[in-house]
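Subject: A structure for you to look through

Dear colleague,

Please find below the structure that I promised to pass on to you. Once you have had it open for a moment, read on for some notes on what turned up in it.

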Amino acid sequence: ALFLQGVTYNFVAFSYQYSIKDKTCHTIYTIQLHLDFLSFKQSFYYSFFIKCRKVWTKRAMLALKSWVAVLVVMTSPCIHGYWTPKPGTSFQWQITPDDEDNDRVQVNLGVHADVYDIDLFNVHDSDITYLRSHQKSVICYFSAGTKENWRHDLDGLHGNDVGSALPDWDGEHWWDIRSSRVRTIIEGRLDLAKSRGCTAVEPDNVDGYSNHNGLGLSKSDQIDFNRWVAKAAHDRGLSVGLKNAVDLIDTLEPSFDWALNEECLEYNECGGYQRFLDNGKAVFHVEYVDRESQGTAKAHSVCNNHHRPSGFTTLIKVWDLNSWRIAC
């Protein structure tokens, strides 16, 4: 029973869904299988709801084996049930609207990418539903290391939980990642990500210890918090990525399923991500331009840079992170 060992497998089949209902122990096993033969990309969604002491009855096991026997088993990009994208997986990142007059983000659904990274709060449910129904993986962005004063989930936060302001980011301050009140807010955000149907989460600002945070955060505080966030995400069945925090990669890579970096070529840090690549985990990478008109020249410089690891998925983006992009 490979499922019981925490290993997920992908089965090549046409779109199919099968449920086993075991009345003797009130257990439901659901497997949904899909294969797009045109692009040869597989997706595998599964869930188990086990509410009894007997994990598998003989009848349930025989029923499952009868279907597994006729399927070809292929390794899934999931490990222990968490989505783990492979190096080179295509990627789109859009946090803000293309139309600056709109408060809510209308995601550009026409981008050719397997993964969309979008804001947890400020997108339409219909966009997430559309992406998931078209076999796209959805990463949901939120800040884990800072207080953004425009968020509506800050009840219970105390004044001493808040530290220094972030330069160039109005209304945003570092907050105390050691605080139980802060962690309660993070748990609420992870619950929201799960309920909205996100595949994964992108916790931002997880390197506060290396900035002027005004809270006395240490490296060990940051490691403890980042591991806690990863575990809390995994406890909810969510994949989680490590954003920036290059100095912590050797310690934290085992806890995270992929990585996201901003401007490692600019700061000569890209080599630090080889550990993710060596372990079969995608590294999504962005270099910025101030104006879209600078994109072509920047792409030529970045995409042909021999310091950019070959396994990176690299985009050229503007700082606002609207839908505009150039992919290497």
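In total, 2 cavities of 30 Å³ or more were counted.

Before going further, please keep in mind that this is a predicted model, in which local features need pLDDT of at least 70 and side-chain atom pairs count only at pLDDT 80 or more, while totals for chains, interfaces and linings use all residues. Residues are numbered from 1 along each chain as its sequence is written, and side-chain values use heavy atoms, with hydrogens and water left out.

Next comes the nonpolar core, which is a set of buried Ala, Val, Leu, Ile, Met, Phe, Trp, Tyr and Cys residues joined through side-chain atoms within 4.5 Å; buried means under 20% relative accessible area, exposed over 50%, and partly exposed in between (1.4 Å probe, protein chains only). The largest such core has 61 residues, of which Trp175, Ile186, Leu190, Val201, Leu242, Tyr273 and Phe276 touch the most other members. Helix 4 (residues 219-235) gives the most to this core, with 6 residues. A second, separate core has 16 residues, including Ile139, Trp258, Val286 and Tyr288.

Aromatic rings are also worth a look. Rings of Phe, Tyr and Trp (its six-membered ring) pair if their centres lie within 6.5 Å, and planes under 30 degrees apart count as stacked, over 60 as edge-to-face and the rest as tilted. By this rule there are 8 aromatic pairs, one of which is the stacked pair of Tyr288 and Trp319, at 4.1 Å centre to centre and with 15 degrees between the planes. Tyr288 lies in strand 17 (residues 283-289) and Trp319 in the loop between strand 18 (313-318) and strand 19 (326-327), so the pair ties together parts that are 31 residues apart in sequence. Tyr288 is buried, at 6% relative accessibility, whereas Trp319 is partly exposed, at 41%. Ring pairs also link Trp83, Phe91, Trp93, Trp258 and Phe284 into a cluster.

Finally, there are two backbone details to check. Gln135 has a positive phi of about 60 degrees although it is not a glycine; Gln135 sits in the loop between helix 2 (125-133) and strand 10 (137-143) and is partly exposed, with a relative accessible area of 35%. Asn268, too, is a residue other than glycine with a positive phi, near 55 degrees, and this residue belongs to the loop between strand 16 (258-262) and helix 6 (274-278), where Asn268 counts as exposed at 63% relative accessibility.

With best wishes

Note on methods. Helix = DSSP H or I, 4+ residues; strand = E, 2+ residues; numbered from the N terminus. 1 Å grid on protein atoms, 1.4 Å probe; cavity = no way out; pocket = protein on both sides within 12 Å on 5 of 7 lines; lining within 4 Å. Points joined across faces, edges and corners; volume = space filled by probe spheres on them.
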